[in-house]
Amino acid sequence: MSNKIRIRFVSQQKIAEVQPGATLLDAAAAAGVPVEGNCGGKGTCGKCKVRIVSGYGGEPSQAEVKHLGLKELEAGWVLACQCRPEKDMAVEVPVLTDAGRRKVRLQGGGPVVKPDPAVEKVYVRMEPPGLDDQGPDYERLLGGLEVTDSRVNLELLASLPRLLRDANFQVAATLVGGRLAAVERGDATGRKYGLAFDLGTTTVVGWLVDLDTGDTLAARAVTNPQNVYGADVISRIGHAGTHEGLRQLQQKILAACNEIIRCLLDEGRVAGDEIYEIVAVGNTTMSHLFLGIDPTFLATAPYVPAFAGRMELEARELGLDVMPAGRVVVLPNIAGYVGSDTVGVMLATDIGRRPGFCLAVDIGTNGEVVLAGRGRLLTCSTAAGPAFEGARIRHGMRAAAGAIEGVRIDGGEVGLEVIDDATPLGICGSGLLDAAAAMVQVGLISPTGRLLPPESLPEGVPPGLKERLRRGKDGTEFVLAQDGSVATGEDIVITQKDIRELQLAKAAIYAGIQVLLKELEVTPEEIDEILLAGAFGNYIKIDSALALGLLPAVAPGRIKAVGNAAGDGARMALISGTARAEASDLARRAGHVELSTWPDFQDEFVNAMYFPKQG
Ligand code: FES
């Protein structure tokens, strides 16, 4: 008799059968149910909250007592990584699907590029052989094509004799980068598709593209399932240190890509065998994990990647569910922490050709900065940490339904904007930024970042705001939403520790920007444009970012959100060989500044911790 335990995930309608001793987080991973797991199951982040609907989860662990309030514990909330069920159980996992949808919906300039794909499909009508023409099948076909890469696709060769005869010697041949990759019966030249991927640490996005027109036919995003091994690249690199860990991480990202592929093909009514090429971008760690390359040496000085150039391989080598001989292209990286996603941003924004000085900032789980001017391109990566994705923030969450994404303080009143107008569940990065900016402006937070207790507040702070301040586990905290109006039944607060995390994140980005400006001898006033790429950059309020000193103090009109520029760059490189060559050129030209060795970086960082004086 099996002693396995059945865990039913109610909202997702999925069931996992696990061995005794497994955690709910293990069960969720087995069932393919995404659960936030920023600390990789160590019990330190408090983000893997799930609610037990039926069954008994045992006494709360120390981590649960630390991270969950009394009301949450009473309502059956547990930390999935701490709870080891002994009997069958039904569990409710908050669904965060909207986080991906928002990333897909990002409006940027979009890829504007003339189609000039590396995939060519040619209709070939051959004379059938006869006793007076005994030429071999393969060479007969090649005679009608311009093949520049003569490597043979053995599978294709094996099927060719029968296929040619079945097709009466009238076929469509597909060349990918000059290599014969596929042969189909009849004139199938009108159907030629490719995929672009943005392999984000938190979210993976894919696009189905018609290679003839350059049109995007479908887009889909999923949570990067590697998140069960930690929210940031450092935790993932740590997990990849063993052969098994690396294999697990690669399998997770490839499974996510295949899930996206399934959905895109369905929506676009395209067959997997009609996908001839895939172009992927990601940070350097994600590129390594996607290809199954050990990223261990990225984590320690001198932070050397295993590869930097453009990588090309066949889809079958990764097990992606497209045409097996289809080509997968991973765009080049620039440095250990500046990856091909930044190359995508540079390509999509055409930053190298913009007049004056242009700064591009991509704030995701990492923060990458590019400064262009005087014919130079400089990049750096800032250790912003995942605070803007909600990690390490007491009630932080990703930008999904129920996340407070905007906060307004008007007199003594606090107004909240919640994604999808849902019952508040937590606060996402843009909400945190907004709340902190408003709190700095009304004097609840000092320029040094101290969340002031009621007795230290400056004159004139309305009583309605004073009442929201209280002493909590982590010092002073400000109540944003009260328990009655919160999905978990627990107040949503902003703590002193949250403000410190925000300061660290914004200081890292601002100091990185300062270093690049100094390196190029440019003052903040001389910046002509600041382009904000990525989901966070697109949803933040520019006034709040300026009020907190996340960005240099330029006129708000010079700051512009450019959508998912990394993904746009990947699509451009898929549609156009010229754009692809340009991506390689940009990666070669871009200089990289290693912040940890820059002499004054520490001073810049400490200075950037302060919030600018208001008014
Ligand atoms: S506390 Fe469970 S994954 Fe972090």
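This is a predicted model: local features need pLDDT of at least 70, side-chain atom pairs count only at pLDDT 80 or more; totals for chains, interfaces and linings use all residues.

Colleague: What makes the phi of Asp 350 worth a remark?

Modeller: Most residues other than glycine have a negative phi. Asp 350 isn't glycine, yet its phi is positive. You'll find Asp 350 in the loop between helix 11 and strand 15 (357-363). Arg 374 does this too, with a phi near 50 degrees, in the loop between strand 16 (367-373) and strand 17 (376-382).

Colleague: Why is Asp 350 called partly exposed, and Arg 374 exposed?

Modeller: Buried means under 20% relative accessible area, exposed means over 50%, and partly exposed is in between (with a 1.4 Å probe, protein chains only). Asp 350 has 31%, so it counts as partly exposed. Arg 374 has 53%, so it counts as exposed.

Colleague: How do you know that residues 340-349 make a helix?

Modeller: Helices are DSSP runs of H or I with at least four residues, strands are runs of E with at least two, and both are numbered from the N terminus. Helix 11 has 10 residues, and nine of them are buried. Among those nine are Asp 341, Val 343, Met 346 and Leu 347.

Colleague: What makes helix 11 and helix 18 a packed pair?

Modeller: Two packed helices are described by the angle between their axes and the distance between the axes. Axes are lines fitted to C-alpha atoms, for helices over the stretch in contact, and angles run from 0 to 180 degrees between N-to-C directions. Helix 11 and helix 18 (residues 577-589) pack at about 120 degrees, with axes 9 Å apart. As for touching, contact means heavy atoms within 4.5 Å. Val 343, Met 346 and Leu 347 in helix 11 meet Ala 579, Glu 582, Ala 583, Leu 586 and Ala 587 in helix 18.

Colleague: How many of the residues in that contact are nonpolar, polar or charged?

Modeller: Ala, Val, Leu, Ile, Met, Phe, Trp, Tyr, Cys and Pro count as nonpolar, Asp, Glu, Lys and Arg as charged, and the others, Gly among them, as polar. That gives seven nonpolar, no polar and one charged.

Colleague: What about Gln 226, buried or exposed?

Modeller: Buried, because its relative accessible area is 0%. Gln 226 sits in the loop between strand 11 (216-223) and helix 7 (233-239). Leaving aside neighbours within four places in sequence, Gln 226 is in contact with residues including Arg 236, Lys 252 and Met 286.

Colleague: And why is Val 50 called buried?

Modeller: With 1% relative accessibility, Val 50 counts as buried. Val 50 belongs to strand 3 (residues 49-54). Beyond its neighbours within four places in sequence, its contacts include Leu 24, Trp 77 and Val 93.

Colleague: Which residues touch the most other members of the largest nonpolar core?

Modeller: A nonpolar core is a set of buried Ala, Val, Leu, Ile, Met, Phe, Trp, Tyr and Cys residues joined through side-chain atoms within 4.5 Å. In the largest one, with 75 residues, Val 361, Leu 550 and Leu 551 touch the most other members. Helix 14 (residues 496-519) gives the most to this core, 12 residues. A second, separate core has 63 residues, including Ala 16 and Met 286.

Colleague: Last one: how do you know which peptide bond is cis?

Modeller: Most peptide bonds are trans. The one joining Ala 301 and Pro 302 is cis, with omega about 5 degrees. Pro 302 lies in the loop between helix 9 (284-291) and strand 13 (311-314).

How values were computed
Residues are numbered from 1 along each chain as its sequence is written. Side-chain values use heavy atoms; hydrogens and water are left out.
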